Amino acid sequence: MSCGSRGVTAAAMTARIPAEASFEAAANVLRISGVSKRFGGIQAIQNITLDLRAGLITSLVGPNGAGKTTLFNTITGHIRPDNGTVLFEGHSLVGRPPWNIARMGIMRTFQDLRLFTHMSVEDNVLAAMEPRSWFWQSGGRQAKNTRRERAAAILNETGLGAKAGVLAGNLSYAEHKFLSLARIMATNARLWLLDEPAAGLDPPSYDLFQGLLRDQVRRGISVCIIEHNLDIITGISDRIAFLDQGRVIAEGAPDEILEDPKLIAIYFGGGPS
Amino acid sequence: MVLLQLLINGIQTGTIYALTAIGFALIFGSTRIFHFAHGAIFVIAAYVFKFTFGDLSLHWGIATIAAVSTAVAVGLLVNFLIYVPIQRHEGSYFTIFVASFGVVIVVQNAIAIIFGRGFVAIETPLSNAVEVVSGLLMAPLFGIALVCSVIILISLHLTLTRTHVGIALRALSQNPELVRTFGLSTRRLSTYAFALGSALVVPGAIFTGAVSGLNPTVGLHIMLISLVATIAGGIGSIWGAAWIAFAIGVAENLVLWQMDSQWSEAVAFAFLLAFLIFRPAGLFRLASAR
Amino acid sequence: MSVYLLNVGVFICIYAILALTLNVLIGYAGVFTLAHAAFFGIGAYVAAFVAMNLSSSLVVVLVASVLTAGILSVIIALPALRVRDEYFVVVSLAIQILCVTVFSEWKGFTGGLGGIVNIPLPEIFGGTIATPMQFFLLALGCLAVITLIIGLMVRGSFGRSLMAVRDNESAALALGKNVALIKTLAAALSSGLAAVAGVVYAYYLSFINVQTFTLDTSVLVMAMVIIGGTGTMCGPILGAALLTMLPNALSYVSFLPQTEIGSIQQLLYGLAMILMMIFRPGGIVGAGRSKRNRN
């Protein structure tokens, strides 16, 4: 966990993020209300209420075990919440299977990436692009060619153009992370849930990653990121939600959250938890 | 009366199944390896006993020691020569399963070549059925088998609850990750699991040999039962496996009351299908979710 | 051409069809099943039934067998595939054994342990297939068509869906793949086409009985796929050819006792399976040990 090596002034941050007004004006993409989940004796998340707005990058931060990944799993249908509702563009998600939720327009990446290791890089991207689970896709040859071209374009954007034929399992660490991103770029999702997508990237890779993310957001994608790295959080978030012990204890613009001494204490340890 | 006889036969069969299933459950629970070769070790132990006791006419104690040592040795060899190398490089559960299956095929055929494919039995006067009560037949060996099984089960229970190794093995069954975190050597524990699990087949193997006879394929059937019992009993629960295996043994015999013997082999599988489809977590689930 | 060679040829084709279709499940979908021989049997028994009672047309028999096997496999797969990966092997084992019990007991349809005899010759385009050469061409033709169908399927989007499910099921779900549907379709494709092998077998021998469709056969076909190489098209065919010719090859080795050829053959491929899994899990055709990647 990096300890904020760049001293970011409040002024610089205010200049970068949209004003509070535009947050309120942005459409509500995902509305989570009162979601809880218990595993045996552990209350993983409790009464979570959170709004994700269109066209914004929201960061979920908090110490390990705060329930961030569990929250993602609840949204994407990998786990069923004990109570609460999750509305995506007005439609309820609870109870739907993960693949159904994915097709509605929400896609996620995993902390452990979960690439298709015995398939080529290009096939990983194509697989993400082919929506039907049937023997063939609709659209015929023309659609197939369009998909291949689009796959090639995405691979170039993520710097993987030269590795299209390589087996996904044989890539370097950074290439793995970019392939994970490329897969999600290949889908038509409108909401991205990214679980520590930039962890361990060197500065040039990180810059590429940040650029890609900003591009997608400009094209209308809404993003929610789980991150631990403070540099990353301060660098790209429009909004921050702070989780601790399964609850959202703070939510707002980055400068509010990151200047709050109580939250900093919790995050860096030593404070009340 | 027939029903009671079938029930007694069932208890006999069930006890043997339970013992073998426990060995498999211990190994599978601790290592998560589909140790299909467990059935092969059963066959080897049985034939070793038959050879030393029957063909060489040595004392049954010596024969038992021979059987146990062979079983443990083979179990450990299979682990070190086959499973460990595979886990070191590729390690998918299927690769290990296939290799284990390969061992079964090799052993089955090797024994067929050496000892022939027909049924052989371990000859002992103790296996001759004696009329206990009018109409009810029971071999004295059955009584011995029952007493031995109870002793073994009690000792096993004590081992698993009182000794360090036993407790560690149970912990491993329930949560492999946690055990590693606490610094216990999973490799050493696996060795214990294989040794103990393999030794546990011997009583069942000997009794099967004496009571129903042996042929090279007898390991497969009992392996399937152990597999079913371990899964239906719930991963991580050794007693669950024992109970289910016992129930299968009883059911296999009771089924004969109404249907002919072809169906009794299917009983175990009907059991399994029902459990896996309706209660995939098993009856007595103790292991943590993955 | 010598009748002996044609005979071997027919059997290689039959087993190649079985191996190729099994590979769809094992190699591409990552679904490990031991129930393949059961569908081989279903194909054969349906073929015999239709040929003897309904129609002597080859086309009708093929359609009936493929459809029956396909539909049955879907019915079985739907509940069975809900089970976790590793346990599905055991479920498939159960299905295989239950099917064998049905084959042995349903005397009205399968002839019980005695089997079915005097299956008539197939008719197509007005003529009959009767000579060894004609049967060989039939078997080869079926193999070619099935290779084409499977090849097309796995090179396209369905192949990618299968492999995605094989490599990482949770990621596939997260990307919108209906994993249950994909596995069920794979089962239908695999089992339906395996029935074609049953049809050819039933016609060629004019006689079928349950012994051919037991667990031993499932294991043999699995060995063919594994030794030849999973996840490729030529691997299974190579494996089928090798293992089919093995007993014949062994009979030429003079010091081996003829009565034990069967056991020796099994022992050898059991050994091959073990060694393959340790040293070359990709099979003969595969790429040797792949780089270990914890992802």
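Leaving aside its neighbours within four places in sequence, which residues is C:Met273 in contact with? Here are some notes on that and a few other spots; bear in mind that this is a predicted model.

1. Setting aside neighbours within four places in sequence, its contacts in chain B are with B:Val98, B:Ala99, B:Phe101 and B:Gly102. In chain C, it is in contact with C:Ala223, C:Ile226 and C:Ile227.

2. C:Met273 also turns up in the largest nonpolar core, which has 292 residues. Together with B:Ala45, C:Met273 has the most contacts inside that core. If you want to know which element gives the most to this core, look at helix H9 of chain C (residues 179-205), with 18 residues.

3. Now over to chain A, where four strands make an open sheet. Reading across, the order is S2-S1-S4-S5, and the pairing is antiparallel. At the edges you'll find strand S2 (42-53) and strand S5 (91-92), each of which pairs on one side only.

4. Inside that sheet, have a look at S1 (residues 28-39) and S4 (residues 83-88) of chain A. These two run antiparallel and are joined by five bridges. One pair to pick out by eye: A:Ser36 stands opposite A:Asn83 in S4 of chain A.

5. A helix goes with these strands too. H3 of chain A (residues 68-76) lies across S1, S2 and S4, and runs at about 65° to S2 of chain A.

6. Follow the chain on from H3 and you can find A:Pro81 in the loop between H3 and S4 of chain A. Is A:Pro81 buried or exposed? It counts as buried, because it has 25 C-beta neighbours inside 10 Å, and 20 or more are enough for that label. Not counting residues up to four places away in sequence, A:Pro81 touches A:Val35, A:Ser36, A:Lys37, A:Thr74 and A:Val94. As for A:Phe209, 128 residues apart from A:Pro81 along the chain, the two C-alpha atoms are separated by 32 Å.

7. Last stop, a helix pair in chain B. The axes of H1 (residues 2-31) and H10 (residues 218-233) come within 8 Å and cross at roughly 60°. H1 of chain B passes H10 of chain B in a right-handed crossing. On the H1 side, the residues that meet H10 are B:Tyr17, B:Thr20, B:Ala21, B:Phe24, B:Ala25 and B:Phe28. Their partners in H10 of chain B are B:Ile222, B:Ile225, B:Ser226, B:Leu227, B:Ala229, B:Thr230 and B:Gly233. Sorted by class, this contact of H1 with H10 in chain B has nine nonpolar, four polar and no charged residues.

Conventions: Residues are numbered from 1 along each chain as its sequence is written. Chains are lettered from A and ligands numbered from 1 in the order in which they are written. This is a predicted model: local features need pLDDT of at least 70, side-chain atom pairs count only at pLDDT 80 or more; totals for chains, interfaces and linings use all residues. Two strands pair if DSSP finds at least two bridges between them. Two residues are in contact if their C-beta atoms, placed from the backbone, lie within 7 Å. Axes are lines fitted to C-alpha atoms, for helices over the stretch in contact, and angles run from 0 to 180 degrees between N-to-C directions. A crossing is left-handed if the near helix is turned anticlockwise from the far one by less than a right angle, and right-handed if clockwise. Ala, Val, Leu, Ile, Met, Phe, Trp, Tyr, Cys and Pro count as nonpolar, Asp, Glu, Lys and Arg as charged, and the others, Gly among them, as polar. A residue is buried if 20 or more other C-beta atoms lie within 10 Å of its own, exposed if 12 or fewer, and partly exposed in between; C-beta atoms are placed from the backbone. A nonpolar core is a set of buried Ala, Val, Leu, Ile, Met, Phe, Trp, Tyr and Cys residues joined through C-beta atoms within 7 Å.
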